[in-house]
Structures are given as C-alpha cells and as structure tokens.
Amino acid sequence: MPISLFARVALGCAAVVVVLALCAPGAAGAARARGGAADVPVQLIALNDLHGNLDPVEGPAGRVQRGGGGAVQAGGVPQLATLVQKARAGEQNSLTVAAGDMIGGSPLLSALFHDEPTVEALEQLGLGVSSVGNHEFDEGPQELRRMDRGGCHPDDGCAPGGDYDGADFPYLAANVTRKGSTEPLLRPYVVQRLPSGQRIGFIGLVTRNAPAAINASQVRDVEFHDELPAIKRYSKELTRQGVDAQVLLIHEGEAANGVAGKGDCDADGPASRLRGRIKGIAEKAPAPVDIVVSGHSHDAYECTVTDPAGQPRSVTQADSFGRSFTDLRFRLDSGGDVVRRTVRAKNHVVPVSTPKEHEMNRLVETWRERSSEVADRTVGYISADLPGRGSTKKETPLGSLLTDAQTEATRGHRADLALLNPGGMRADLVHKGDGKVTYADAYRTQPFATTLTTMTLTGEQLIAVLKEQFTGANADDPRFLQLSSALRYSVDMSRTGGARLLTDTVEVKGERVRAAAKYRVTVNEFLASGGNGFGTFTKGTARDTGELTDLDALVQYLENHSKPGSPVDPPAPGRITFRGK
C-alpha cells in the first residue's frame, strides 16, 4: 500500500538489513525470534542509487545478469512503478525506502531541472524515506536542503510547473554535521506508525568516506562522521522511545562490485561472499537494529550477518539505476519487534520490456517535452558503441575519447595529456540508427559538467599519480584513470601496491618520462582537488581553470571531428599494457 497508510512521525534513510534466521535462536534473541498468530506482516520495498535515471540506462551499464542466464537490459521508472505496484498488491503494511544517491549524476531529463523531476517521480512511486548518499551533496548542502524543504533554484529559478515544494519524504543524515557541530545536518531518524499501531524506526546514514567522492568545494563546511557511533546514539534514542523494530538505511556497499550477489552470499557462512566496509558495520551495529538496507556499490546482494547478540541480521542492496528493487518481508510480534526468523528478502529485476505504469509514464513524458529543445540537438556522430560505465575493461573506449577531447579542448593551456576518474563517466555512448549523438546522449556520459583544470606536474609527480591507482584509498580495489593518447604505460597486476606500475614503461608523446621534466596535465575539478585518493593532483602548479567543462570538451570534439557519413570511430586500445595476471 502507498505511504499514505502510515502516519509519519520520523523517517530515516538507507541501508536494508536482511534477516534470514534459519537456526534456533539463543536465549538473548528468543523474544525476537518468536512468532505467533498476533504477528503483523510488513513489507519494505527498497531502492538505491537511481541517480535520476527516469529512463532505462542504455548499453552495458544498463544490463543485469543473474546466475547463469544472459544479461537483461533493465530499468526505467515507469517499468519500476508497474512491478512495485504488483509487489505491493494485497500488502496492507507496505513502505518504500531508499539508501541514497537517488539524485545526482543524473541524465539531462532530470538534471536540467536540478533533479526535481526525479523527486516528483519518487513521490509518485510512494517513497517514504531515504538516507542521503554522497551524490545528494553534488551541489552542496544548501541545494540538498532545497531538495528536502522546497523553493526555486537560486540561480536558474523555478522549473516549469511552478514552485518546487520540496520532497514529500524525509532525507536522513545521522552522521553528517556542519563543521564544529554535533547535531545532524538533516534528521537522523524517523519513526513510521503502522495502521495496527506498531512503529518502525529508520536511521539513515552515508559512508564516512563520502568526501573522497564529492567535489571538495561543495562540502568544505560539512563533516562526515564514523557510522557506528551515530548508529549507536540514535538506536538508543529509538529504544528509549519504545521503538523496538529498527531498520538501518546506509549508503555504504561492498568493496568489489558484484561479488556478494553472485550465487548464495551466505554459502560458506554468514555473509561469506560479502566484502568491504558494509560487512563490518552490519556486524557491529547494536543488537536492536534488525535490518540493514545498503547502497553505494550499485550491485544487488542479499546477505546475512551475525549481530553482536549472536542473532542473524539481513543486509541487502538492489542494482543501481532502477534496474532492480528489493522486496523485503517480515513480521512484527505483539510487542512491536521484528521476528527475525520471518525476514525474507529478494531482489527483482526490472526488464525494460515491462509495461509502463500509465501515470508514471505521463509524468516522465511531461518532463521530456519540457527538456526536448535542449536535449534533442545533434552534436555529432559515432560509428559504433563507445562503452564507458558499463565496460569490463580498465581502459575504456569512451574514457579514451573523453580524455582525448579534454586534451584538445585545453591546448590553449598547453595540455600534453588528460586523465579522468572512472566515476566521471556515468554511462556508455551507444550507437543508434545513423550514429547520431544528441546533446542528451553526451550529457548522460558527463552529467557533472565540471570545469577542467590544466596544471603542471613533474615527471616524478605524474608517476606518483599513476601509483595512486593502486595505493592508499585504491589499494584494495584499484581505480584506473582513463588516459589520453599521449600517455602510455604498463602494469603488472601480479604485484601489489605501487609496484604494479612499471615505472620504466611510462611514456608521454613517445618519450620516457623523466623525473625532473614538466608536463601539462588536464583533469576535472574533482580530481584537481584530490578526489578518489589522488592527492598528488593538489600539488600541481601553474593551474589554468576557465569556464570550459568536461561536457563542453566532449561536445566540441564531436562537432569538430564528425558529420553525417563521417562519424568518430572508437579509439584504438593499448594505452595501458597489462602484464602478469
């Protein structure tokens, strides 16, 4: 049933805990594990990482693979609405929740209007509460407050359709404060009351590592704190209020995308396939927390951890971009606590072939009409698909094109080469029909439209940047920067850390890099401020930053290098040579 069945007292955002208690409970957990005729059935529909994708994501990035079957093209909010409506059928106590990044990094259809279309769609879907994610901070805390509370955009004014009245659902941020404060920037939790009178508390958080994934200029006055102390603080508050059923919504995921969701996550013991910080948080969160709904790593899983009281606790995540949703069901006992042995969770794929729910489709098409003049402009032509976000390669065709475009666009600043963080390309550039690329297609790959900075790095610093792909924040899960054609190097993945870079193979314009030599390197504003663990960029000198954005560079490149009958070809691979395993 829609959110209107619930009297909103307080809400929280984001990580879904899945409890699959199949063994007999110990004495400490007996009350939670018991079930009986008076139990009240509850359903949670959980989402995460939509990133404003009202339409299905095209190309490999929009596919989902389950088990041994073939990949399924998935997504689309009208299709999602149809399947969520079907899943809710017959469920009196149904609530839809989210674990962050529902907006931000969005395609033009939503981003042109500062994600107000996505908020409207989520309201229509019946979203009851969401935690914040790192991308809710893309335009800074003031814009996040506007999305939460309403008002027209301070620079672009009101979107078509009138004043924006804010989200009907609360955003939760239990571990985010203004600098120097101990009080949350937004609400830390909310309590939902069921028609039966029983209550469920939702605590919402974002990963403490969010600053590494946000443009530093947007969060200078904001602090992101350790998750566990915040969870303990607000879980105690809920317990003091007599709220025994507690759900954690947290924007933190697994370390290696797709590992936990391949097969049975618990095959070799509780959450044996789950890796990364979410596992430790889910295991150590206080015992009153019953379920953890998570996000951030974009791939689906249904896992079980053991909580501090020795009881099973469910941890879930759905696929990003609306490609799937989690259907979580459980019962509350007569005392209002979750009967953990009744918890079941299943992720459901949203095939693009799903019939579109009429009202949601009308909403999307209304916003499409409003954006069409800007979105439909032809900016170039391509001869084949250019996989980026959905590529399985470390060096991607789209990444190579984007960095070539950025190098060319900053020749006036004497750029020798360009580097791009993989998260800076948000989609694939898909060949359609005659190969035409619209402004909306280009925007989908570069939605942040961040300014470009050209700086001077010494050869020693350039080598340090390339080593940072395998060290520090990127040690456990190497992050390969996309690179323009002037740069070449080899790696040996059988080694560890910075030794993976074979320094004597690094060349710029065909010449081996010399430690004392100077090179002009173009990067986006995010990398220039040391994002994603690439701190060496902050040491770059002679910085030139103008009004040119990464999106401008791509559009200009396509306009300059393609026309009907003469499209741009995918760049040849081989800028990085892989040795070893």
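Modeller: Before the helices, a convention: axes are lines fitted to C-alpha atoms, for helices over the stretch in contact, and angles run from 0 to 180 degrees between N-to-C directions. This is a predicted model, in which local features need pLDDT of at least 70 and side-chain atom pairs pLDDT 80 or more, while totals for chains, interfaces and linings use all residues. Residues are numbered from 1 along each chain as its sequence is written, and side-chain values use heavy atoms, without hydrogens or water.

Colleague: OK, at what angle do helix 6 and helix 7 pack?

Modeller: Helix 6 (residues 227-240) packs against helix 7 at an angle of about 30°, and their axes are 10 Å apart. Helix 6 is therefore roughly parallel to helix 7 (angles under 35 degrees). Helices here are DSSP runs of H or I with at least four residues, and strands are E runs of at least two.

Colleague: And which residues meet there?

Modeller: From helix 6, Glu227, Leu228, Ile231 and Lys232 meet Arg277, Ile281 and Lys284 of helix 7, where contact means heavy atoms within 4.5 Å.

Colleague: Switching to Glu252, where is its place?

Modeller: Glu252 lies in the loop between strand 12 (245-251) and helix 7 (277-284).

Colleague: Buried or exposed?

Modeller: Glu252 counts as buried because its relative accessibility is 6%, the cut-off being under 20% with a 1.4 Å probe, protein chains only.

Colleague: What does Glu252 contact?

Modeller: Beyond its neighbours within four places in sequence, Glu252 is in contact with several residues, including Glu227, Arg277, Ile281 and His296.

Colleague: Which buried residues does helix 11 have?

Modeller: In helix 11 (residues 459-467), the buried residues are Gly459, Gln461, Leu462, Ile463, Val465 and Leu466, and they pack against strands including strand 19 (417-420) and strand 24 (501-508).

Conventions. Buried means under 20% relative accessible area, exposed over 50%, partly exposed in between (1.4 Å probe, protein chains only). Angles under 35 degrees count as roughly parallel, over 145 as roughly antiparallel, 65 to 115 as roughly perpendicular and the rest as oblique.
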